Amino acid sequence: MTDYTTRVDGDVVQLCYTNPDTGAYCEVPVSPTKTDAERQKAVYEQVEDARAFRIYEENIEPEFTRNLRDAVYMNGEIKRIDYSCDRPEAMTEINRLVEAFPEYTVEQLTSEAQNVIGQYGAYRPPYNDNSISFYDFTTPSSETLAAYGCDVDTYGDDLLGWHGIKHDLTNLTKTAKFVFAQSHGTYLTNSPTSLPTNRSIFFARIHNADGTVEPWVDVYIISTINYMREWCEEHSLTFPLPDDVTDQPWCFSVVYNDDTGEMINVKAYIRHRYDD
C-alpha cells in the first residue's frame with residue numbers, strides 16, 4: 001500500500017504520493033466522492049502502470065538481447081535458461097546444436113551476439129523431447145518462412161523482427177516459432193478475451209516443417225508481478241514464480257490452445273544483464 005495525501009484542485013481531488021520505485025512525486029486526480037479504498041486503488045494502479053511502462057522502456061529497445069541470461073519460470077520452477085550468443089555459457093548448447101545438426105557451424109551461430117540459445121525438456125505442449133531453441137533476432141526470410149509452410153502474407157506487416165527455430169534432439173527435427181502482432185489483421189481464433197493489464201502484447205506460434213501449425217500459442221505480456229499474480233488467481237492459473245523470487249520479470253507469457261481457447265500455463269522471464 002502506498003501512502004498518499006490529498007490536495008483539492010477545483011472539482012477534483014489530487015492524490016499526492018511518492019513513487020516507491022523512483023522516489024518521484026506523483027499525483028492522480030479522482031472524484032471527491034471516491035472512497036478511501038477507491039482512492040488507494042487509483043494510486044496502486046498508477047504505480048503499477050508506471051512500473052510496466054519502465055519495464056517496456058528498459059527491455060524493448062535495439063539490441064536488448066545482448067550480454068544476458070534469461071531464466072524462464074513456470075509453476076514455481078526454472079524450466080529453461082537462455083543465454084545470448086556473446087556469452088561463454090552459450091557455447092555448451094551451441095556445440096551440442098552443431099553436433100546434432102551439422103548444417104550449422106559455430107561461427108554461424110556466434111556471428112550475431114544478439115541471438116539467444118537455450119536447452120529445454122518436455123515442460124509444456126507441444127514439446128515432447130529434449131530440445132535446443134535458437135532465437136535469431138532478424139525478421140525471418142522468405143526462404144525460412146517457406147520451409148515451414150508460410151509466406152510473407154501469412155502474418156503480413158504484423159510479422160515481428162525475430163524468430164525461433166526449435167531443434168528436437170531425439171527426432172532431429174526442426175520447427176519454427178514465428179512472432180507477430182495483431183495490429184493489421186487477426187491470425188488467431190480463440191485468443192483469451194481477458195488478458196492482464198499490460199504495456200504491450202505480442203504472440204508466437206509454432207509451425208512444423210510439413211506445413212501444419214500447432215494449436216498452442218504464446219501470448220507475451222509486459223506487465224507487473226502484482227497485476228499478473230492477481231490475474232492468475234482470478235483465472236485459477238498457477239503463478240509462475242516461487243514465493244522467494246521477487247525480481248520483476250521483463251515479460252510474462254500465457255500459453256493457450258487456439259482450437260479450444262483453454263489457457264494452461266503462465267511463464268515468467270527474469271533477465272540478468274552482465275556487466276562485462
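Is R54 buried, exposed or partly exposed? In this predicted model, R54 counts as partly exposed, because its relative accessibility is 22%, and buried would mean under 20%. The side chain of R54 meets that of D21 in a salt bridge, with 2.5 Å from N to O. This pair links distant parts of the chain: R54 belongs to helix α1, while D21 sits in the loop between β2 (12–18) and β3, 33 residues apart. D21 is partly exposed too, with a relative accessible area of 40%. Both residues take part in a network of salt bridges that also includes E48 and R51.

A search of the whole structure finds 16 salt bridges. Another of them joins the side chains of R7 and E27, at 2.7 Å from N to O. Here strand β1 (residues 5–9) provides R7 and strand β3 (residues 25–30) provides E27, and the two residues are 20 apart. R7 is partly exposed at 34% relative accessibility, and E27 is partly exposed at 26%.

A further salt bridge brings together K177 and D218, again through their side chains (2.7 Å, N to O). Because K177 lies in strand β9 (residues 173–180) and D218 in strand β11, the pair ties together parts that are 41 residues apart in sequence. Both K177 and D218 are buried.

D218 also leads the eye to strand β12, where V255 stands opposite it. Strand β11 (residues 213–222) and β12 run antiparallel and are joined by six bridges. Six bridges likewise join β12 to β13, and these two strands are antiparallel as well; within this pairing, C251 has Y269 in β13 as its bridge partner. β12 and β13 form a hairpin with five residues between them, and G261 in the turn has a positive phi of about 85°.

How many of the seven residues of β12 are buried? The count is seven of seven, and both faces of the strand are covered. C251, S253, V255 and N257 lie on one side, with F252, V254 and Y256 on the other.

β12 (251–257) is in turn among the elements that cover the buried residues of helix α5, together with α1 (36–59) and β13 (263–273). In α5 (residues 225–234), the buried residues are I225, Y227, M228, W231 and C232. Seen down the helix axis, they fall within an arc of 160°, so they line one face of α5. On the other side of the helix, E233 and E234 are exposed. Just after α5, S236 adopts a positive phi of about 55°.

Key: Residues are numbered from 1 along each chain as its sequence is written. This is a predicted model: local features need pLDDT of at least 70, side-chain atom pairs count only at pLDDT 80 or more; totals for chains, interfaces and linings use all residues. Side-chain values use heavy atoms; hydrogens and water are left out. Buried means under 20% relative accessible area, exposed over 50%, partly exposed in between (1.4 Å probe, protein chains only). Helices (H or I, at least four residues) and strands (E, at least two) are DSSP runs, numbered from the N terminus. The arc is that of the directions from the helix axis to the C-beta atoms. Contact means heavy atoms within 4.5 Å. Two strands pair if DSSP finds at least two bridges between them. A salt bridge is a side-chain nitrogen of Lys or Arg within 4 Å of a carboxyl oxygen of Asp or Glu.
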